[in-house]
Amino acid sequence: MVSRVIPVETFDLVIFGGTGDLARRKILPGLFRRFRSGQMPEGSRIIGAARSDLDQAGYRQMIAAAVAEFGGEEKHDSKGLEAFIATLDYVAIDAKGEGGWAELASIVRKDVVQAFYFSVAPSLFGDLAERLHTNSIANAQSRIVVEKPFGRDLETARALNETLATHFDESQIYRIDHYLGKETVQNLMAVRFGNMLFEPLWNNHYVDHIQITVAETVGVGGRGAYYDKSGAMRDMVQNHLMQLLCLIAMEPPSQFGADEVRDEKLKVIRALQPVEPHHIVRGQYDAGYDGKSYREDAENPRSFTESFIAMKCEIANWRWAGVPFYLRTGKRMKARSSEITVVFKDLGHSIFEGDEARHRNILSIRLQPNEGMDLQVTIKEPGPGGMRLIDVPLDMSFADALGPDAEEVPDAYERLIMDVIRGNQTLFMRGDEVEAAWSWTDPLINGWEARNDVPKLYDAGSTGPEDAMAMMHRDGRKWREIKA
Ligand code: NAD
């Protein structure tokens with residue numbers, strides 16, 4: 001297996017919010033890895049643009065420290081880091097005023113790929129988009145990258161789309177959902193559409209149900225105040241889990257092109273049915289031996305915001321009618337684990353005398369940790385004594401299968417930024433997709449707000465509230481174990 005670095009064109013990447021948490025923790029360490037791999041062509045530049053009163057040397061120092069703190073193994077490459085840092089420039093800028101814009105205009109080149117990463121609060125997106133034009137910095141080929149959250153409901157998402165559309169064409173807008181940049185998430189498409197084995201079985205004739213779990217061990221900690229206005233539904237389901245659901249449920253696109261893939265995802269979202277209140281379980285973590293309760297973390301003793309949600313969804317189309325999709329995500333859970341599981345139907349009839357066990361194939365795709373796939377199959381139990389059957393996993397960890405190449409896999413942010421430079425929108429959300437997702441989410445949130453629904457408490461370090469278990473048991477099913 002050979003890892004190949006596909007070169008991109010020379011670029012100027014301006015990171016608005018270049019001194020912020022996301023830029024220092026993810027974007028710049030990621031870019032350093034791309035630089036080291038040789039993917040960042042000579043002459044390309046990264047320009048930090050933020051409010052802090054820094055000069056070029058100060059910014060370079062700040063980013064060197066950030067890479068040392070947040071980079072992986074590559075941070076020990078001091079020579080490489082020095083060369084990378086030399087590509088950095090900085091402009092102190094005011095998104096809401098005129099300060100710094102003339103300077104930025106004089107730095108950004110017109111004859112290379114231009115990308116502008118809006119790593120700032122969404123309330124500044126409109127100001128940035130407008131000033132990029134009034135100062136004649138952006139042109140019809142420039143790309144902008146916008147971070148989540150993309151709105152907090154349909155109305156705000158629509159307003160954001162309209163604001164951006166005033167200055168940029170949809171083909172220039174890259175809405176990031178970093179889940180789409182994860183290696184395994186793309187592998188999901190490779191598994192589905194690159195193998196003969198699975199696609200014929202991928203429907204309501206053979207699939208009993210599908211589970212998607214994204215469990216985190218961390219609480220809301222330092223971002224409690226922000227999170228309290230959002231909750232698990234807005235923070236995780238409307239974007240990340242929805243994207244996973246789309247990839248697992250969509251029809252095969254005619255080709256792996258940006259609009260072909262996004263058209264199919266949009267159809268899935270539009271086919272999602274409203275969820276009955278008794279098919280939604282919201283939870284809030286209680287204090288544990290090693291941490292505060294959600295309400296303490298959020299500094300809101302009367303908060304009704306959910307840090308956990310489990311729900312049973314249905315997709316009304318020919319392929320999936322009658323197949324439940326169970327989604328679950330939460331904070332302060334037992335283990336950090338993200339997994340998509342396809343549970344196939346039971347064997348209708350067993351030819352093996354005395355075999356009363358229930359045999360079913362289960363395909364699980366692990367996003368983290370230990371990215372890989374596991375297919376449960378039924379085989380004969382070894383040894384004499386007739387045909388006794390057991391279910392065993394055919395387990396494939398990508399790290400084992402790919403060897404050292406697995407180490408070379410770029411992380412989500414690196415991959416997505418390089419896609420922006422390449423002009424490939426396949427792994428980014430289109431405006432209509434985001435709006436459709438909010439159209440489905442809004443009535444659910446409005447529903448529980450109108451009912452004054454109070455989230456159920458769950459122990460920190462557990463698998464969530466009892467009610468989530470009960471929801472599955474009522475259907476004669478059970479959640480997959482959450483394990484690291
Ligand atoms: P942050 O508060 O750490 O940084 C904000 C940045 O914006 C700073 O560089 C600041 O100088 C700049 N800024 C603020 N006001 C400005 C103004 N008027 N003009 C110019 N620059 C200004 O925020 P962050 O955590 O880095 O998040 C940035 C964006 O990314 C937000 O939209 C956030 O929701 C999103 N996001 C962050 C994370 C994360 O892990 N931090 C994850 C996903 C999405």
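Modeller: A residue counts as buried under 20% relative accessible area. Keep in mind that this is a predicted model.

Biologist: Is Arg332 buried or exposed?

Modeller: Arg332 lies in the loop between strand S10 (325-330) and strand S11 (337-344). Its relative accessibility is 12%. The cut-off is under 20%, so Arg332 counts as buried.

Biologist: Over which ring does the charged end of Arg332 sit?

Modeller: A charge sits over a ring if CZ of Arg is within 6 Å of the ring centre and within 35 degrees of the ring normal. For Arg332 the distance to the ring centre is 5.9 Å. The ring belongs to Tyr285.

Biologist: What kind of aromatic pair do Tyr285 and Tyr294 form?

Modeller: Tyr285 is buried, at 1% relative accessible area. Tyr294 is buried too, at 0%. Their ring centres are 5.7 Å apart, with 90° between the planes. Planes over 60 degrees apart count as edge-to-face, so the pair is edge-to-face.

Biologist: Which residues do ring pairs link into a cluster?

Modeller: The count of aromatic pairs comes to 15. Ring pairs build one cluster from these residues: Phe16, Trp101, Phe116, Phe118 and Phe125.

Biologist: How are helix H1 and helix H2 oriented to each other?

Modeller: H1 covers residues 21-37 and H2 covers residues 56-70. Their axes are 9 Å apart, at an angle of about 90°. Angles of 65 to 115 degrees count as roughly perpendicular. H1 and H2 are therefore roughly perpendicular.

Biologist: How many charged residues are in the contact of H1 with H2?

Modeller: H1 brings Arg24, Arg25, Leu28, Pro29 and Phe32. H2 brings Tyr59, Met62, Ile63, Ala66, Val67 and Phe70. By class there are nine nonpolar residues and no polar ones, and the charged residues number two.

Biologist: What is the omega of the cis peptide bond between Gln368 and Pro369?

Modeller: Most peptide bonds are trans. Pro369 lies in the loop between strand S12 (362-368) and strand S13 (372-380). The bond from Gln368 to Pro369 is cis, with an omega of about -5°.

Biologist: And which residue is joined to Pro149 by a cis peptide bond?

Modeller: Pro149 is in the loop between strand S5 (143-146) and helix H6 (154-167). Omega is about 0° here, and the residue joined to Pro149 is Lys148.

Biologist: What is the phi of Ser136?

Modeller: Most residues other than glycine have a negative phi. Ser136 sits in the loop between helix H5 (125-134) and S5. Ser136 is not a glycine, yet its phi is positive, at about 55°.

Technical notes: Residues are numbered from 1 along each chain as its sequence is written. This is a predicted model: local features need pLDDT of at least 70, side-chain atom pairs count only at pLDDT 80 or more; totals for chains, interfaces and linings use all residues. Side-chain values use heavy atoms; hydrogens and water are left out. Axes are lines fitted to C-alpha atoms, for helices over the stretch in contact, and angles run from 0 to 180 degrees between N-to-C directions. Helices (H or I, at least four residues) and strands (E, at least two) are DSSP runs, numbered from the N terminus. Angles under 35 degrees count as roughly parallel, over 145 as roughly antiparallel, 65 to 115 as roughly perpendicular and the rest as oblique. Contact means heavy atoms within 4.5 Å. Ala, Val, Leu, Ile, Met, Phe, Trp, Tyr, Cys and Pro count as nonpolar, Asp, Glu, Lys and Arg as charged, and the others, Gly among them, as polar. Rings of Phe, Tyr and Trp (its six-membered ring) pair if their centres lie within 6.5 Å; planes under 30 degrees apart count as stacked, over 60 as edge-to-face and the rest as tilted. Buried means under 20% relative accessible area, exposed over 50%, partly exposed in between (1.4 Å probe, protein chains only).
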